[in-house]
Amino acid sequence: MRFLSIIKTDLVAFLVVAVAIVATCFIGVVLMPSAPNEIVIMRGDAIAIAVLLAARRNLWPGVFLGAFLGRIYLEQMGYALVAGGTGIGRTLIMSAATTLQAWIAATVVTRLCGTPIRLAPKRSCARVFFVLVPIALMLVPSLGTALLAVDFPNGKIDLQHYWVIWWLGTLIAIAFTMPIALLGPWHKQPTVYWNNVALPRLGPQLFGFLMMTALLTISTWHQVSRMDANSVRAEFVGL
């Protein structure tokens, strides 16, 4: 019975992780829509590392399921290119790469900083977060642009520019989501220590305020950027 209880608990955790990733894709489409002919990065990828780091690395099946369903959802919404290309084969490959990338980054952090995470000025944790994690985040952009290079062999898209935007976007998203995931109100015990002092967890009200502020800020930033881009394009056409 205990074994069945553990399996049931893990299945619930897998589904929660998958739903969170798919929900991120849905929110991204609603608040930050892209044109149908643009290449779309699955925004749910950004929380995969934070999930494995804040919870347990054996939740990777939930990350894979969420990444897979998220890409299927974006394809069904009519977007021409989901990062790495469309099709069931590409979707499985990119979902597996997302899961592997998240697992590697979470493993690097926990191996070098411990569980719970212990930060200190004299430890090498700065190197972990500012060097090793960004290097780990290169896996999915590199594989995705390689697959796109197969679809566009004549240089119709700037793969180098796309890779940089993809990598930087994921890096910035991780910088936002990781503190929220590690200090969220759902943790029963402290998950991060600084000089052996536990960092306080976010209360429910502060957590909700930060989430709403982040959503509104990102949405406004995207809409303003799109209006500027449309204005520049109109001026170019007028010339």
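Residues are numbered from 1 along each chain as its sequence is written, and side-chain values use heavy atoms, with hydrogens and water left out. In this predicted model, local features need pLDDT of at least 70 and side-chain atom pairs count only at pLDDT 80 or more, while totals for chains, interfaces and linings use all residues.

The protein contains eight helices and five strands, where helices (H or I, at least four residues) and strands (E, at least two) are DSSP runs numbered from the N terminus. Along the sequence these elements follow the pattern α-β-α-α-β-α-β-α-α-α-β-β-α. Of the 239 residues in the protein, 36% are buried; buried means under 20% relative accessible area, exposed over 50%, and partly exposed in between, with a 1.4 Å probe and protein chains only. Among the contacts with a separation of 6 or more, 68% involve residues 24 or more positions apart, a contact being defined by heavy atoms within 4.5 Å.

Angles under 35 degrees count as roughly parallel, over 145 as roughly antiparallel, 65 to 115 as roughly perpendicular and the rest as oblique. A crossing is left-handed if the near helix is turned anticlockwise from the far one by less than a right angle, and right-handed if clockwise. In the residue classes, Ala, Val, Leu, Ile, Met, Phe, Trp, Tyr, Cys and Pro count as nonpolar, Asp, Glu, Lys and Arg as charged, and the others, Gly among them, as polar.

Helix α3 (residues 60–76) packs against α4 at an angle of about 140°, with the two axes 9 Å apart, which makes α3 oblique to α4. The crossing of α3 and α4 is right-handed, and the contact is formed by W60, V63, F64, A67, F68, R71, I72 and E75 of α3 together with I88, T91, L92, M94, S95, A96, T98 and T99 of α4. By class, these residues of α3 and α4 comprise 10 nonpolar, four polar and two charged.

Helix α4 (residues 88–113) also meets helix α6 (residues 139–151), their axes coming within 9 Å and crossing at roughly 160°, so that α4 is roughly antiparallel to α6. This crossing of α4 and α6 is right-handed; the α4 side of the contact consists of R90, I93, M94, A97, T98, L100 and Q101, and the α6 side of L139, V140, P141, L143, G144, L147, V150 and D151. The contact of α4 with α6 has 10 nonpolar, three polar and two charged residues.

On α6, a further contact is made with α7, at an angle of about 150° and with the axes 9 Å apart; α6 and α7 are therefore roughly antiparallel to each other. Their crossing is right-handed, and V140, P141, S142, G144, T145, L148 and A149 in α6 meet L159, Y162, W163, W166 and W167 in α7. The contact of α6 with α7 includes nine nonpolar residues, three polar and no charged ones.

In soluble globular proteins, nonpolar side chains tend to be buried together. A nonpolar core is here a set of buried Ala, Val, Leu, Ile, Met, Phe, Trp, Tyr and Cys residues joined through side-chain atoms within 4.5 Å. The largest such core has 36 residues, those with the most contacts inside it being I49, L53, I117 and L182. At least two residues of this core are supplied by each of α1 (2–31), α2 (48–54), α4, β3 (117–119), α5 (125–136) and α7 (159–183). Beyond its neighbours within four places in sequence, I117 is in contact with L53, V109, L182, T191, V192 and Y193.

Several local features complete the description. T115 and P116 are joined by a cis peptide bond with omega of about 0°, and P116 is found in the loop between α4 and β3. In the loop between β4 (192–194) and β5 (197–198) lies N195, whose phi is near 55°, a positive value in a residue other than glycine; N195 is partly exposed, with a relative accessible area of 42%. N196 lies in the loop between β4 and β5 and has a phi near 65°, likewise positive in a residue other than glycine, but N196 counts as exposed at 63% relative accessibility.

Technical notes: Axes fitted to C-alpha atoms, helices over the stretch in contact; angles between N-to-C directions.
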